[in-house]
Amino acid sequence: MTWIIENSRFMIAISIVIILAYPLLQSCPPAEAIKSSNSDHVPLFNYRQSPNFKNSPKCTTFPISSIATKICNPFLVHISMTLDTKFLRGSVAAIHSILQHSHCPENLFFHFISSDTAINLEPHLGKIFPLLSFKIYYFNPGIVQNKISSSIRQTLEHPLNYARNYLAELLEPCVQRVIYLDSDIVLVDDISNLWKASLGLSTVGSPQYCHANFTNYFTPKFWSHKKFFRAFHGRKPCYFNTGVMVIDLIKWRKYRHTKKLERWMKIQRVHRIYELGSLPPFLLVFAGKIAPIDQRWNQHGLGGDNLSGSCRNIHAGPVSLLHWSGGGKPWLRLDSGNSCPLDELWARYDLHG
């Protein structure tokens, strides 16, 4: 063991995660390759078919129904993610990991948000995951196009990053709660455990990090103007990552939180009070008022920093969800031959190629 510690940083990182997640890491049978019939899209849709994950005997079973009827079933676990061709490989791996570790995978419903009109992703997703219950919603980029200001990374300026602001409007009114997840995550735990998190009187639940220097998320201009920083009056704000959130859509709609987020985006366009895309408006509206969820549900930062991607290890403690937030994505680093140790764990769920 001493030799491993001294000579292999790679084995340390992988061993820690495997030990923590071992009871939930299952082996997958060989998967059938899927390719698009459109030759122009063969590289994009060159995916293997996922195994058909079935409910365990203890799961509640529902009668077969149409998607429109099933969406309103109050006993389903609702999950929302964005779908973008650039990050599709990450989305597929994330879905695969969620299904693999769920005891009741047939009781999950995925709400995918896409702004792509050139490619119909529905049939391709249906071939990769034949038993998946899902619906794709169109998000019009024009809704936020004139509300977005420049960020420190161009990818943060993509309109789809702001789709999470509009989940209450996009999803059916009968959907009362949803888990929002970024596309660069994998789970090594049953997502129903996250679904059960208590939100109390809060609208949003998320792992929070109160040791982070909160002032860094806003410009000096923000902190020098009382009319801005007094937004945090009466609350102790802590950083939280918007890539993993449990959202009470009933409260969101009641308190019109979408309008509050848009208000801060409008102020940003004029006064330049932050640099980090869609995150700061969420901090302004919810920080200090969120329901704290165990940090095991967002081991974030594995993509390195925002400027010059670097390898990161997981934080101390148990792990349920790994998140490659930051500039480096595991599929790009693996393909380049310059991967980080934890990227190899992500590769367990990769169905591409």
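Buried residues account for 53% of the 353 residues in the chain. The model is a predicted one. The chain holds 15 helices and 13 strands. Its exposed surface comes to about 16,600 Å². Carbon and sulfur atoms supply 54% of that area. Contacts in the chain were also sorted by sequence separation. Among those between residues at least 6 apart in sequence, 74% join residues at least 24 apart.

An open sheet is formed by 7 strands. Their order is β5-β4-β3-β6-β11-β8-β12, and the pairing is mixed. The edges are taken by β5 (134–138) and β12 (291–292). Each edge strand has a single partner strand, so one side of each is left without a neighbour in the sheet.

Strand β6 (residues 177–181) sits between β3 and β11 in the strand order. Of the 5 residues of β6, 4 are buried, so the strand is largely enclosed by the rest of the structure. The pairing of β6 with strand β3 (residues 77–83) is parallel and rests on 2 bridges. Here isoleucine 79 stands opposite isoleucine 179 in β6. The pairing of β6 with strand β11 (residues 244–248) is antiparallel and has 5 bridges. Tyrosine 180 stands opposite methionine 245 in β11. In a regular strand, side chains alternate between the two faces of the sheet.

Serine 80 is part of strand β3. The residue counts as buried, because its relative accessibility is 0%, below the 20% cut-off. Not counting residues up to four places away in sequence, serine 80 touches His111, Ile113, Leu167, Val178, Ile179, Tyr180 and Leu181. Of these contacts, Val178, Ile179, Tyr180 and Leu181 fall within the residue range of β6.

Helix α13 (residues 279–286) is also enclosed. Here 8 of the 8 residues are buried, so the helix is largely enclosed by the rest of the structure. The buried residues are Leu279, Pro280, Pro281, Phe282, Leu283, Leu284, Val285 and Phe286. The strands are β8 (204–206), β10 (239–240) and β11. The helices are α9 (220–224), α11 (249–254) and α12 (257–271). Glycine 288 follows α13 and has a positive phi, near 90°.

Cysteine 59 lies in a loop, between β2 (47–48) and α3. Its relative accessible area is 9%. The residue is therefore buried, the cut-off being under 20%. Cysteine 59 touches His103, Cys104 and Asn107, with residues up to four places away in sequence not counted. Cysteine 59 and histidine 103 are 44 residues apart in sequence. In space, their C-alpha atoms are 7.5 Å apart.

Empty space was examined next. Rolling a probe the size of a water molecule over the atoms shows where such space is left. The second largest pocket contains about 550 Å³ of space. Its lining has 27 residues, and the closest to its centre are Lys70, Glu106, Asn107, Leu131 and Ser133. Asn107, one of these central residues, is also a contact of cysteine 59. Helix α3 (residues 67–70) supplies the largest share of the lining, 3 residues. By class, the lining of this pocket has 14 nonpolar, 10 polar and 3 charged residues.

A search of the whole structure finds 1 cavity of 30 Å³ or more. About 30 Å³ of space lies in this largest cavity. Lys147, Ser149, Tyr162, Met265, Gln268, Tyr274 and Gly277 line it. The lining comprises 3 nonpolar, 3 polar and 1 charged residues. Met265 and Gln268, among the lining residues, fall within the range of α12 (257–271), one of the elements packed against by α13.

Conventions: Residues numbered from 1 in each chain as written. Predicted model: local features only at pLDDT ≥ 70, side-chain atom pairs only at ≥ 80, totals over all residues. Heavy atoms only, no water. 1 Å grid on protein atoms, 1.4 Å probe; cavity = no way out; pocket = protein on both sides within 12 Å on 5 of 7 lines; lining within 4 Å. Points joined across faces, edges and corners; volume = space filled by probe spheres on them. Nonpolar A, V, L, I, M, F, W, Y, C, P; charged D, E, K, R; others polar. Buried < 20%, exposed > 50% of the residue type's maximum accessible area, 1.4 Å probe, protein only. Pairing = 2+ DSSP bridges. Contact = heavy atoms within 4.5 Å. Areas by Shrake-Rupley, 256 points an atom, 1.4 Å probe, with all protein chains shown as cover.
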